[in-house]
Amino acid sequence: MNSLSAIKEAPEQPEQLEFTFEGYDEEPLPEKSFATAETLTLNAITSASDFTDLFEDARCISRIYGNNEENTGLYYIFHAHDAVTGRNIAVKATNPSLCQQHPQLEDCLKWESKVLQILKGKHRMQQILTPHKTIQTNIQLEGKSYIVPVSFFSSIYMDIDVRKSFFDEANDRLKTCANRLKLFCSMISAVQRLHREGFCHRDLKPSNIMGVRKDGKCTAVLIDLGLSLAAPEIEREIKLFSPDAQDLPMMYCSPELYSGFEDNLELAKSADIYALGCMLFELLDKRSFYTTLNETNGSTFWEAANNIRVGKEEFNGNENKRLALFNELLSEFAPSIIIPRISEDSIIPRYARNELHKIISSMCAFDYRKRTKESELDGIKEKLHLIVRILENEHLRELYKKRREIHRAKKLLRGYSNA
Ligand SMILES: Nc1ncnc2c1ncn2[C@@H]1O[C@H](COP(=O)(O)OP(=O)(O)OP(=O)(O)O)[C@@H](O)[C@H]1O
Ligand SMILES: [Mg+2]
């Protein structure tokens, strides 16, 4: 679908051809028309005077696509400079041509902006600068002019993309593995902070974590709180409700989330811990946790995933009864799920790998009641710091061994040349 079709008038019917046309196809390729429409949209946003009053040199750096809409960006991220301070910023904007069809896009952006305003000044959280704002943009298409609304907010730009540390071939050095574990501890601290503030993220994944550097040290920062769940007292205070988080992609999604319990704060906290566990695996292994879980368990995984679902419509809204049935089903299906192990090819020594496996198994337990609790996260960080030290020492020992070998070889060479 053309990204401007929502605002475009129906095109005139083409004339009927009377013979089979064998010449060149004059119709633009679908991808080309998407690209043209998108370029027009992006130009319209970045040249709107209400936009340029706030942001300078805006350049689109990311287009976010929905699960089904493959060719049209739902949101656009721009890198820009704040017009007043000149500061490096990121602007997240809705695709104007989709707002009418999908009002929830605007709702999620509004929610995200509100949550970020509450979290302003809090360490390890994305820092908002311009709160949610809607402006009118003028899009020129085929000689006609269309006025469409665009909503956005801006936040401080972060230049450390931690995504590069996942599924990476470079984890063949113990020092790199140690650094990845340090990054993971920082990610745990960020999630602990968010939970302490009364929110659960519900959409934790590598692309929703960025990094900032201060005094040579890197800190993980959580971004993309558009699907976060807030404690009821926060919702009451800000008079807004957490968005619907159904149909999350399965990759980092815990069994409770895809089984219809995404509105339960305690379970959503546990779901964040599950996503963290998946990411720990992926910081140390080249495979995705989800694919490996599927490969390890095959049909057992699908049988469990399909059978534990208890829909919201069941028990007429009696949440306690619904949860009781879910717990019962988990007791039946969860024990057969095997949590994948970090690859045997890993350079991490076996004893450290076993310890890491215990941590991943506990954080990714299929049954949330057996999963690492919020209160146990500090203990996990301590254990990981110990493993970091072991890996760093092992790395130094290897370096020392290599140097000794080089030294010995040099001595031998000198011996030959003197002889
Ligand atoms: N403040 C920022 N600084 C630097 N980069 C950013 C910032 N905000 C967003 N980005 C970049 O844009 C990408 C998408 O942003 P964001 O996660 O907020 O959008 P999204 O629509 O929720 O994306 P998705 O659905 O893929 O999670 C991020 O993964 C990151 O690379
Ligand atoms: Mg994101």
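By class, how many nonpolar, polar and charged residues does the shell around ligand 1 have? In this predicted model, that shell has 8 nonpolar, 6 polar and 2 charged residues. Of the 16 residues around ligand 1, those that come nearest are Ile-64, Ile-77, Ala-90, Ser-207 and Asp-224. Strands S1 (55-65), S2 (73-82) and S3 (88-94) each supply at least two residues of this shell. Because domain 1 (8-156) and domain 2 (160-397) both give residues to the shell, ligand 1 lies between them.

From strand S3 we can move on to its partner, strand S5 (residues 144-156), which runs antiparallel to S3 and is joined to it by 5 bridges; one of the residues of S5, Ser-154, is the bridge partner of Val-91. Strand S5 is also joined by 11 bridges to strand S4 (residues 128-141), again in the antiparallel sense, and here Lys-133 has Phe-152 of S5 as its bridge partner. S4 and S5 form a hairpin with 2 residues between them, and in its turn Glu-142 has a positive phi of about 45 degrees.

Another part of the model holds an open sheet of 3 strands, in the order S6-S8-S9, with antiparallel pairing. Strand S6 (160-161) and strand S9 (217-222) stand at the edges with a single partner strand each, so one side of each is left without a neighbour in the sheet. S6 pairs with strand S8 (residues 209-214) over 2 bridges, and Asp-161 stands opposite Met-210 in S8. Helix H4 (residues 174-196) packs on this sheet, where it touches S8 and S9, and its direction makes about 40 degrees with that of S9.

Methods
Residues numbered from 1 in each chain as written. Chains lettered and ligands numbered in written order. Predicted model: local features only at pLDDT ≥ 70, side-chain atom pairs only at ≥ 80, totals over all residues. Near = placed C-beta within 6 Å. Helix = DSSP H or I, 4+ residues; strand = E, 2+ residues; numbered from the N terminus. Nonpolar A, V, L, I, M, F, W, Y, C, P; charged D, E, K, R; others polar. Domains from an automatic or database assignment. Pairing = 2+ DSSP bridges. Contact = placed C-beta atoms within 7 Å. Axes fitted to C-alpha atoms, helices over the stretch in contact; angles between N-to-C directions.
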